[in-house]
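The plan is to go from the whole chain down to single residues and jot down what I look up.

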Amino acid sequence: MDTIVNLIFGLPTILLLAICVIPSAKPLIRKHITPVITQIVHDQVPFIIRTQKRQSKLLDAIVTFCSMCVSVEFYLTALPPLYWYGFKDQTAFLVLCLSTATHLVNALKDLLGCPRPYHCNPPINEKNKDAPRVQVHEEMKELEFGAPSMHICLTLLLNLYLTHSLSTASPWVSAHLSILYPLCVIWALFVGWTRLYLGVHTPIDLFLGFFLGLSYFFFFRLIESSLLTFLSSSPSASGGVLLVFLFILAFYPHPTVHTASFSFSVTFLGAAQGFYLGHHQAEGLYERLKSLHPTALTAFQAATSDLHFAIRVLVSFVIVAVVKIGSRALLVRLTPKILDLFPDEVRRSWQPPALIEARKDNAVRKEGTTEHKERGLAVRGCDGVLWDVDSVRRYLNYVVTVAAVPFIDHLLHKTA
């Protein structure tokens with residue numbers, strides 16, 4: 001019975017995943033679906049304006065805090081302690097679940113291309129200068145399209161799947177599912193309301209995000225048993241994950257205008273790739289390090305084994321931060337040099353699809369003190385960094401950073 005329920009509610013996710021990688025489906029979606037959702041967004045703008053009349057400094061502080069609950073920094077802070085505490089399989093699947101869901105939301109945003117409510121404000125002129133408008137703080141203006149809402153989708157998915165995963169390991173969680181699941185929904189709805197309050201989403205965006213998060217939860221419940229077995233036991237798991245990620249990135253929908261959504265997908269998928277690489281390689285790397293420096297490693301572990309778990313977590317985060325900063329500094333130097341080995345014709349063929357149209361004239365970029373002229377390659381904004389350079393080094397930076405999490409588990413938390 002559970003399998004049938006998971007299949008029924010997970011089917012929309014399967015269809016949406018297929019739509020995002022089928023080129024012929026994308027024009028049909030933009031022709032028939034996008035105008036409908038866009039019109040609904042415009043119709044719901046007055047509701048957003050009425051919602052914002054209840055503004056206060058306390059609510060401003062609360063909703064600003066809630067807006068941070070869907071970011072790579074949040075997940076880098078929240079998920080590693082679960083892994084280090086011992087919930088390794090649960091964290092492993094949660095990482096894959098959230099990263100692929102993030103990619104799907106980003107792909108749907110760029111596929112639909114629907115505006116945010118503040119994009120619907122009338123132009124400011126003498127005639128309508130006093131007309132009601134959606135208010136949004138400059139720092140809250142998003143760099144992507146509106147529908148579906150990623151915040152409500154990932155908040156719902158994270159809490160539902162985390163509760164489901166922990167129920168297999170915690171009798172207390174298992175005994176209180178009838179309370180915890182509704183609380184997950186209530187919290188997600190509250191986060192959704194904060195997005196209305198901030199003026200960055202309309203109810204239709206939230207409905208689509210909520211629906212997608214719920215469907216993705218059932219989809220992962222449907223495949224979790226066979227997929228978890230593969231990811232936990234197969235030495236080719238990290239390679240398989242890489243191939244899947246490269247495939248879905250290659251078929252990412254071309255947006256109508258440039259957005260930051262593709263970069264977000266690259267970041268989250270790179271983090272997931274790094275996690276599985278570390279998950280399968282950390283023990284071997286740890287054993288090699290132990291054979292090379294057994295005395296130093298034993299002394300280090302003896303000095304840290306008696307520390308409280310919270311202290312060891314803080315030390316672990318310091319190591320992760322050092323790895324992230326160090327690997328990024330190295331990749332900033334190496335990535336342009338490696339990609340410069342490929343001819344322009346080859347590089348044009350892999351330009352990430354979520355970019356501004358490639359320039360036909362010469363594009364000049366500066367990397368340190370070296371200037372390079374590239375023909376037909378897209379450039380990221382005003383800093384002049386080539387888009388393929390930025391995408392590759394962003395992906396690899398998070399691969400290396402998150403791969404450190406399982407290794408740190410052997411280094412600092414193995415005796416916990």
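This is a predicted model: local features need pLDDT of at least 70, side-chain atom pairs count only at pLDDT 80 or more; totals for chains, interfaces and linings use all residues.

What share of the contacts in the protein with a separation of 6 or more comes from residues 24 or more positions apart? I looked it up, and the figure is 81%.

**Entry 1: the overall picture.** I went through the secondary structure and got 16 helices and four strands. Then I checked burial: of the 416 residues, 48% count as buried.

**Entry 2: what the record says.** Residues 206–223 are 100% helix and 0% strand, with the end C-alpha atoms 26 Å apart. Residues 309–331 also come out as 100% helix and 0% strand, and here the end C-alpha atoms lie 32 Å apart.

**Entry 3: two helices crossing.** Next I looked at helix H4 (residues 57–66) and helix H9 (residues 177–198). Their axes come within 9 Å and cross at roughly 115 degrees. The crossing is left-handed. Which residues make the contact? From H4 I wrote down Leu59, Asp60, Ile62, Val63 and Cys66. From H9 there are Trp187, Phe190, Trp193, Thr194, Tyr197 and Leu198. I sorted the residues of this contact by type and got nine nonpolar, one polar and one charged.

Entry 4: How many salt bridges does a search of the whole structure find? One. As a reminder, side chains of opposite charge can pair when their charged atoms come close. Here the side chains are those of Asp390 and Arg394, at 3.6 Å from N to O. Both residues sit in helix H16 (residues 387–412), four residues apart, which is about one turn of the helix.

Are the two partners buried or exposed? Asp390 has 3% relative accessibility, so I put it down as buried. Arg394 has 25%, so I noted it as partly exposed. The cut-off for buried is under 20%.

Entry 5: Last, I looked at the bond joining Ala147 and Pro148, and it is cis. Its omega is about -5 degrees. Where is Pro148 found? I traced Pro148 to the loop between helix H6 (88–112) and helix H7 (150–167).

Notes
Residues are numbered from 1 along each chain as its sequence is written. Side-chain values use heavy atoms; hydrogens and water are left out. Axes are lines fitted to C-alpha atoms, for helices over the stretch in contact, and angles run from 0 to 180 degrees between N-to-C directions. A crossing is left-handed if the near helix is turned anticlockwise from the far one by less than a right angle, and right-handed if clockwise. Contact means heavy atoms within 4.5 Å. Ala, Val, Leu, Ile, Met, Phe, Trp, Tyr, Cys and Pro count as nonpolar, Asp, Glu, Lys and Arg as charged, and the others, Gly among them, as polar. A salt bridge is a side-chain nitrogen of Lys or Arg within 4 Å of a carboxyl oxygen of Asp or Glu. Buried means under 20% relative accessible area, exposed over 50%, partly exposed in between (1.4 Å probe, protein chains only).
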